[in-house]
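I am opening a notebook on a structure that is new to me, and I want to write down what I look up, one entry at a time.

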Amino acid sequence: MTKNKLMQIALELATKGGIQTFPNPNVGAVVFKDGKIIGQGYHRFFGDKHAEIHALNEAGAEAEGSTLVVTLEPCSHFGKTPPCVDAIIKSKVKKVIVGIVDPNPLVSGEGIKKLKEAGIEVEIGVLKERLQKFYSDYSKRFSRKKSFVVLKYAMTLDGKISTVSGDARWISSDKSRDWIHKFRTEFDGILVGVNTVIKDNPILTSHGKGKNPVRIILDNNLEIPLKAQVLNDDLPTVIICSSGSQRKIDKIKRLNKIVLQIKSDNEFIPFKKIIEELRKISIFSILIEGGGLTAWQALKDEIVDEIISIVAPKIIGGKHAVTPVEGEGFIRMSDAIKTKILEFKKIGDDIFIRSKVIK
């Protein structure tokens, strides 16, 4: 069987992942030895083992002395899973045929370099043009040197996002909510604080309007209820915490969700550190949807690029009703975060305002 045919099979395997692998790329791999395929695999969903691992696991001990064919360069860094390169070296394959070099700067060339240093023969560029086209959307995402972060909220005319009792359904109109659901499809991730999950139990999807972003829950002390909707479906979810019991972490991982532990001495994990860690798992654009404390921390840490405000023609009052941005706030007006309005329009009965944060 020719290397082109083997790569074609790997590519066909890669397509099986569909949109379930987003924001990771679709990858396929086959293990070939003595004239036959002895292992094959593909990346099935975000957070799953990578294609190479599935293929090597299927091949078992027979992988020694074989050829591994993979559509995209094997990873060499710790992300959601350990580096694939380490497992490939441990399997004692003789040769690795790579379709194209990974455009991700965390990987690009490093995986190949590590394989060669281990004495494994590496060939690059089989079905190169087809694979470059296949990975074109994935490649484009790395042209952005900086993550793009948008803060979005819906509020009443008197600046509230819920009543004094916590009732927030619904502030905005059906048309506005439809617009937001479509808007979510433009982002790699959608982020909320754990209090929003505890209070509202949202599903945080595009509601059938397109691809679903990865759901990201900021949960310092791992307080998320195990019955939360975001933990009990097949959609990708990342929980970011700085502490929490290993037992609960293991339970969440068994639900095929990802737990990112980021150590912090502060009450809140610095947002710049969060953004840095999310980039490592291919999340480059983020829509922050609440709550008020999360919004404040994001603005205070200067990671927000734009703000989407949807203002409904309603007044609910209440000294203790929640506002879009909470936290300790600034003492002096001169310290206020300044924005420039970029767009202003009506959506149904609501007013839509898009503004850029001036940094």
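Entry 1, a pair of strands. I began with Val-311, whose bridge partner in S14 is Ile-351. I take helices (H or I, at least four residues) and strands (E, at least two) as DSSP runs, numbered from the N terminus, and two strands pair if DSSP finds at least two bridges between them. I then looked up the whole pairing and found that strand S12 (residues 306-312) runs antiparallel to S14 over six bridges.

A note on the source. This is a predicted model, in which local features need pLDDT of at least 70 and side-chain atom pairs count only at pLDDT 80 or more, while totals for chains, interfaces and linings use all residues. Residues are numbered from 1 along each chain as its sequence is written, and side-chain values use heavy atoms, with hydrogens and water left out.

Is S12 mostly covered or mostly uncovered? I found it mostly covered, with seven of its seven residues buried, where buried means under 20% relative accessible area, exposed over 50% and partly exposed in between (1.4 Å probe, protein chains only). In a regular strand the side chains alternate between the two faces of the sheet. In S12, Glu-306, Ile-308, Ile-310 and Ala-312 point one way, Ile-307, Ser-309 and Val-311 point the other way, and all are buried.

Strand S13 (residues 339-347) and strand S14 (residues 350-357) are paired antiparallel over eight bridges. Among the partners in S14, I wrote down Arg-354 for Glu-343 and Lys-356 for Lys-340. The hairpin of S13 and S14 has two residues between the strands, and there Gly-348 takes a positive phi near 65 degrees.

Which order do the strands take in the open sheet of nine? I read it as S10-S9-S8-S7-S11-S6-S12-S14-S13, with mixed pairing. Strand S10 (258-261) and S13 stand at the edges, and each has a single partner strand, so one side of each is left without a neighbour in the sheet. From one strand to the next the twist averages 20 degrees.

I looked up its order as S2-S1-S3-S4-S5, and the pairing is mixed. Here strand S2 (36-42) and strand S5 (121-124) are the edge strands, each with a single partner strand, so one side of each has no neighbour in the sheet. The twist in this sheet averages 15 degrees from one strand to the next. Strand S4 (residues 95-100) pairs with S5 in the parallel sense over four bridges, and the bridge partner of Ile-97 in S5 is Glu-123.

Helix H1 (residues 3-14) lies across strand S1 (28-33), S2, strand S3 (67-72), S4 and S5, running at about 145 degrees to S1; axes are lines fitted to C-alpha atoms, for helices over the stretch in contact, and angles run from 0 to 180 degrees between N-to-C directions. Within H1 I picked out Gln-8, which is buried, with a relative accessible area of 17%. Leaving aside neighbours within four places in sequence, Gln-8 is in contact (heavy atoms within 4.5 Å) with Leu-127 and Arg-130. Gln-8 and Leu-131 are 123 residues apart in sequence and 9.8 Å apart in space, C-alpha to C-alpha.

The axes of helix H3 (residues 84-91) and helix H4 (residues 110-117) come within 10 Å and cross at roughly 20 degrees. Val-85, Asp-86, Ile-88 and Ile-89 in H3 meet Gly-111, Lys-114 and Leu-115 in H4.
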